[in-house]
Amino acid sequence: MPPPLQSSPYFPMDNPTILSLLHPTPGEKHKSSSNGGGLLRMFKLFPMLTSGCKMGKPRRKPLLNHTAATCTIFGYRKGRVFLAIQAGPNCVPMFVIELPMLTSVLQKEMESDMVRIALESETKTHKKKLLEEFVWAVYCNGRKMGYSIRKKHLGDDELHVTQLLRGVSTGAGALPTLNHKESSDGELTYMRARFERVVGSKDSEALHMINPDGAPGPELSIFFLRSY
């Protein structure tokens, strides 16, 4: 049985510069794969990609450790793409956002085997940590896609995916849908991988996908930047 989820102070389950970061990384009804040619290429093979535990008063913890994180890209093939970031596969996500990207757009970007997603916050305060910001401008391979708001609470779909994948560290495939939603929104697909974390400053950091087959160079990078 998969291990239980570990609580996060940013999602309590009992209630509803960039250049400096461009460092290469080192070389269940789940239809999953974690080898051969990289997860990005495996994920691209799927037809289309879209868009609890109780706990006491949490102690303040770092959002992520200094070197790595677990990231999951998932969604219904007729919907939009979600991005979830966790300290580890058994932890509740501390950052979840629905990206303003249609399925066909992300799939087209994946044809290049190099995807760079940038999230920029135009905040006017220094009080929040970078990943605690709420409003983000989203770019994909240099093109502005629109704006998104970080989710304060996990919705049904996000919690469903988190629970199903709590024992999965790396993989890509299809998941059982929630409440027969597949009939209208299509297949629920996901890609999960470990990412190397590179911190440039308190206002910039990046996550670079670590390929499970040891191939050199990142195939997917996610950048966070705060401008004043």
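**View 1. T123 sits in the loop between β4 (115–121) and β5 (135–140).** Helices (H or I, at least four residues) and strands (E, at least two) are DSSP runs, numbered from the N terminus. This is a predicted model, in which local features need pLDDT of at least 70 and side-chain atom pairs count only at pLDDT 80 or more, while totals for chains, interfaces and linings use all residues. Residues are numbered from 1 along each chain as its sequence is written, and side-chain values use heavy atoms, with hydrogens and water left out. T123 counts as buried because its relative accessibility is 8%; buried means under 20% relative accessible area, exposed over 50%, and partly exposed in between (1.4 Å probe, protein chains only). Not counting residues up to four places away in sequence, T123 touches E133, R226, S227 and Y228, where contact means heavy atoms within 4.5 Å.

**View 2. F224 belongs to the largest nonpolar core, which has 30 residues.** Such a core is a set of buried Ala, Val, Leu, Ile, Met, Phe, Trp, Tyr and Cys residues joined through side-chain atoms within 4.5 Å. I85, F95, L119 and F224 touch the most other members. Strand β3 (residues 95–102) supplies the largest share of this core, 4 residues. Leaving aside neighbours within four places in sequence, the contacts of F224 include I85, F95, L119, L130, L131 and W136, along with D203, S204, E205 and L207. Another core, of 15 residues, lies apart from this one, and F74, V161, L164 and L188 are among its members.

**View 3. Helix α3 (residues 156–164) packs its buried residues against several strands.** Those buried residues are D157, E158, H160, V161, T162 and L164. Their packing partners are β1 (68–76), β2 (80–86), β3, β7 (171–175) and β8 (188–201).

**View 4. Here is strand β8 with its pairing partners β1, β7 and β9.** Two strands pair if DSSP finds at least two bridges between them. β1 and β8 run antiparallel and are joined by 9 bridges, with I73 opposite M191 in β8. β7 and β8 are also antiparallel, with 5 bridges; here G173 stands opposite Y190. With strand β9 (residues 204–209), β8 pairs in the antiparallel sense over 6 bridges, and S201 stands opposite S204 in β9. β8 and β9 form a hairpin with 2 residues between them.

**View 5. E109 and R143 meet through their side chains in a salt bridge (1.9 Å, N to O).** A salt bridge is a side-chain nitrogen of Lys or Arg within 4 Å of a carboxyl oxygen of Asp or Glu, and the structure holds 6 of them. E109 lies in helix α2 (residues 103–110) and R143 in strand β6, so the pair links distant parts of the chain, 34 residues apart. E109 counts as buried because its relative accessibility is 10%, whereas R143, with a relative accessible area of 43%, is partly exposed.

**View 6. K202 and D203 form a salt bridge through their side chains (3.2 Å, N to O).** K202 counts as exposed at 52% relative accessibility, while D203 counts as buried at 13%. Salt bridges that share partners join E133, K202, D203 and R226 into one network. Another salt bridge links E205 to R197, the closest N and O atoms being 3.1 Å apart. E205 is buried, with a relative accessible area of 6%, and R197 is buried at 16%.
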